[in-house]
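Take a look at the display, then read on.

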There are 2 protein chains.
Amino acid sequence: MSEAPARNGVAAFVQPHRMMADGLPYADVVDVLERAETLDEWCDFWEAKGREYEALGDEALELGLEPTAGEYLWLASMCVHYAAHMAFEDSERRDAGQREKVRVYDRAAPYLVPSAERVGVGVDGITIPGMLRVPVGATGPVPWVVLIGGLESTKEESYLVENRFLANGVATFSFDGPGQGEAYFERRLVPDFERYTSAILDHFAEHPALDGDRVAVFGRSLGGHYALRAAAADDRFRASVCWGGCYDMTDFDAWPPMLKIGFAYVAGRSIEDTREFLLETHTLDGLAERLTAPVLAVQGRHDEIFTMRQVDKFATLPNVEILVEQDGNHCCHNRAHVVRPRMIDWTIRALRA
Amino acid sequence: MSEAPARNGVAAFVQPHRMMADGLPYADVVDVLERAETLDEWCDFWEAKGREYEALGDEALELGLEPTAGEYLWLASMCVHYAAHMAFEDSERRDAGQREKVRVYDRAAPYLVPSAERVGVGVDGITIPGMLRVPVGATGPVPWVVLIGGLESTKEESYLVENRFLANGVATFSFDGPGQGEAYFERRLVPDFERYTSAILDHFAEHPALDGDRVAVFGRSLGGHYALRAAAADDRFRASVCWGGCYDMTDFDAWPPMLKIGFAYVAGRSIEDTREFLLETHTLDGLAERLTAPVLAVQGRHDEIFTMRQVDKFATLPNVEILVEQDGNHCCHNRAHVVRPRMIDWTIRALRA
């Protein structure tokens, strides 16, 4: 794993490769690694950056430069995201960060190219918030992909992944499900995430821009597990990608404390209850055999969250292709420039088939 | 200057911020800073990366994934570029690198979005090579900008800058002039670069996609000096941007040896002759008063190549706006995410005025 070492107390959660791959400025990443020694310093740094880029977005808007405005406002939302994404032990700061990220991203949405449209999908009395983006110039129904975040990666963080799909004529719908992003405030982790992805397909079934016969599901980290559940439960999904995800939660006991705390946070349970809940409900046992569409599972050999033991279990899935990146860390963020295009292109090809 | 320190003998020319801003993968930049201790190791690393990404481009082509192919082939050309861009003391390697960069970039050109079309412009018995890109979906004549590289930055390195212009509906023509990139083999530095930029305007005067009344010139480092000359000599240029450039060459004596060697290389003269040639010919004295269009001069306070003394001279230009970035290094590469959008947006606004 070649993540550049953090020199300080924030080392438990700092992932420079991930932040670079998700679009944070190199200068800022270099700066924060040199400066921030505590969680508070880390948060303060990124919150200040968020304000700086939001101001640049406002300036661009005043000058009539909408593409620049969209980019800065999105960047501001990413800074806010990374300020408190792992602040599970300071719930006030974390919760405020989630809400602030949404506020700033929503300002960016109309100016992104293509723009992002907020769409709410009703499920079980709550509204699942998502962002729909359709390729510029699309005239008829186009293939599309449903993007799922992870423990603390949210719909706003999918922007650059979306852009690669969109450049290839594929529309995107990124959403926050139970426990994720702004949906966390409405609902904690559930045992049946697949009901939420199926509700999304129901919601968009008649949408004139989206081709219901060509839709894939693409999930990151914990969302990779959910992507497999989604495809197993609903054969309207023509393909699924499990990006740094898992078959089950049997890695739990070996996790560092912060990760257990994080899962407990979004589960709304004690750590011990969360452990039991995850082990019992977050497994593909009993679901896997229902997978009919092609599956891509991507695994970094040095992933310390979802380990190589998951790969042995992925191998039991029907119709699965497994990509093990030999130098890869969690989600292969340290090989993002190679692995992300490969996963996205695999999905595009599956939708064309 | 907050360039991350290189730990080894390649420190004389390594610019991680520049490479990141120009689109090199973070993982590779981290790797090379850890591994390469000599120029040969540096070259070997990037040449191998160039082959790796060209192979990925070929694979994408075979799979019918053209946008990915274009991106990988372009990335391969950048790796080849950075392999030998400063190898002025190994002319065989440097010259081969220039030719190889062109070969790989030309493979990328048709698959870039929008594509790049090679256009040759005849001047004084040679052909100046450039790449024309027109915004996707443009229907009539659009504003456009002529992009000029520097001592060792070439047209291929303008790709990400071009993309920002193109996303805003502005076409781009990036070229190699005397001493630069592949044009070096035809002609060394000249005293009157402005004749080449005017020839470009002549060449495209009747082009149906380009609006001859809305064209700007935008130059980087040494190219910033040339951009000012271009606009002074030809009032068809409606605006000019001098990005980390100079008014004259009075900083020469304080330069580190490699920079002097580099200038001598592209001038095709001894270092002493180059010094005299530059001091005598590369000055805006006698030209500056002919500038009528608005000028933006961008300077990093910590630039050690073109120093703050240039700013005092820029201040004498008519119709000039000067942006001094307090933390900026050469070309403000360490503030690229803020300074590049600002310069590009300034140009777009000037073309709209």
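## Across the interface: salt bridges

A salt bridge here is a side-chain nitrogen of Lys or Arg within 4 Å of a carboxyl oxygen of Asp or Glu. By that rule, 6 salt bridges run across the interface of chain A and chain B. One of them joins the side chains of Glu52(A) and Arg335(B), at 3.5 Å from N to O.

Before going further, some ground rules. This is a predicted model, with local features needing pLDDT of at least 70 and side-chain atom pairs counting only at pLDDT 80 or more, while totals for chains, interfaces and linings use all residues. Residues are numbered from 1 along each chain as its sequence is written, chains are lettered from A and ligands numbered from 1 in the order in which they are written, and side-chain values use heavy atoms, leaving out hydrogens and water.

## How the two chains meet

How many residues does each chain bring to the contact? Chain A gives 33 residues and chain B gives 33 residues, where contact means heavy atoms within 4.5 Å. The size of an interface is often given as the accessible area lost when the parts come together. Buried area is just that loss, taken with a 1.4 Å probe and summed over both parts. Between chain A and chain B about 2,800 Å² is buried, and carbon and sulfur atoms give 54% of that. On the chain A side, Tyr26(A), Leu65(A) and His337(A) lose the most area to chain B, together 22% of what that side buries.

The rule also finds 12 residue pairs in polar contact across this interface, both residues at pLDDT 80 or more. (A polar contact is a pair of N or O atoms within 3.5 Å; within protein, one must be able to donate a hydrogen and the other to accept it, and residues adjacent in sequence count only if both atoms are side-chain atoms.) Several helices of chain A each supply at least two residues of the side that touches chain B, among them H1 (16-21), H3 (39-62) and H12 (336-352). Helices (H or I, at least four residues) and strands (E, at least two) are DSSP runs, numbered from the N terminus. H12(A) provides the largest share of that side, 8 residues.

## Details inside the chains

Over all chains, the whole structure holds 72 salt bridges. One of the pairs is Arg18(A) with Glu152(A), at 2.7 Å from N to O. Arg18(A) sits in helix H1 and Glu152(A) in the loop between strand S3 (142-148) and H6 of chain A, 134 residues apart.

A cis peptide bond joins Val113(A) and Pro114(A), with omega about -10 degrees. Pro114(A) lies in the loop between helix H5 (91-108) and strand S1 (117-123) of chain A. In chain B, a cis peptide bond joins Val113(B) and Pro114(B), and omega is about -5 degrees.

## Confidence

The model scores ipTM 0.93 and pTM 0.95. Chain A has a mean pLDDT of 95, and 97% of its residues reach 70 or more; pLDDT is the predictor's confidence in each residue, from 0 to 100.

Methods: Buried area = accessible area lost by both parts, 1.4 Å probe.
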